[in-house]
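The entries follow the structure.

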Amino acid sequence: MEDQREELVQRWEREQESLKQRLIEDDTEAWEKTPSFSGLCRVGGVDLSFIKGDEVNACAQLVVLSFPDMELLYEVSEMVTLSAPYIAGFLAFREAPPLLQLLKKLEKDEPSLMPQVVFVDGNGLFHYREFGLACHLGVLSDLPCVGVAKNLLQVQGVAKSEEHLSQISALKKAGDMFPLTAASGRTLGQALRSSDSSTKPIYVSVGHRISLDTAVRLTHSCCRYRVPEPIRQADMRSREYLRTHFPPNSSE
């Protein structure tokens, strides 16, 4: 069993490394290069929610919102069975396939509603091997992607240290940020105070086809609360789907 797991990890590492060769960490779209994101009309958000106590069956969710008004243009919820095991650092091999399928379904059914950028509930470059879920989904879908994590992933020398906590305390207003700098000296993301009403930052990193500066600016532009609206809506709607179809008190 241990040999199989080790073999799987090695295979996934090779796949990650191969996909990473296609990663673009720069702005590729005209709207990304304008101060007000002129030309950006549709932003997507993806998320997976699990039935409590069940790590295999999940609700995969895609929402597309208008920009800058954040009005719902499209949503789809789909129950999926995750066949790949959870291994730290390889979340994408579990979660990217069903999320990619939702994007492909939208492209086939209603291509005019395809998002121009996708917010992913998870990390991008800010990752053990600088290739998290947002990078994985971005490269496979070839869409600009932004990774937004609600909790700090302690990797590459970034830790929830006293220094980190004091940096958080120094974030006085929405829009304030500090870099997430790896031991190598490379900036892998930004801790962003996204809302005046929440002192807890979110952790923003590049997914694909967007620069870090643009990713942070866009994330802040999409925040009505702490979490950017595309992810917040995807999370709320996937949880609501599970509550409706799998009530907590329903029999097994």
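Are W12 and F93 buried or exposed? I find both W12 and F93 buried (buried is under 20% relative accessible area, exposed over 50%, partly exposed in between, with a 1.4 Å probe and protein chains only).

I note that this is a predicted model, in which local features need pLDDT of at least 70, side-chain atom pairs count only at pLDDT 80 or more, and totals for chains, interfaces and linings use all residues. Residues are numbered from 1 along each chain as its sequence is written, and side-chain values use heavy atoms, with hydrogens and water left out.

Entry on aromatic pairs. I looked up the aromatic pairs and found 5 in the structure (rings of Phe, Tyr and Trp, the latter by its six-membered ring, pair if their centres lie within 6.5 Å; planes under 30 degrees apart are stacked, over 60 edge-to-face, the rest tilted). W12 and F93 are a stacked pair, because their ring centres are 4.7 Å apart and their planes stand at 5 degrees. This pair links distant parts of the chain, with W12 in helix α1 (residues 2–20) and F93 in helix α2 (residues 92–109), 81 residues apart (helices are DSSP runs of H or I, at least four residues, numbered from the N terminus).

I then checked F90, which forms a tilted pair with F93 at 6.2 Å centre to centre and 45 degrees between the planes. F90 is buried at a relative accessible area of 4%, and F93 at 11%. I record W12, F90 and F93 as one aromatic cluster.

Entry on E2. I place E2 in helix α1; its relative accessibility is 57%, so E2 counts as exposed.

Definitions and conventions
Helix = DSSP H or I, 4+ residues; strand = E, 2+ residues; numbered from the N terminus.
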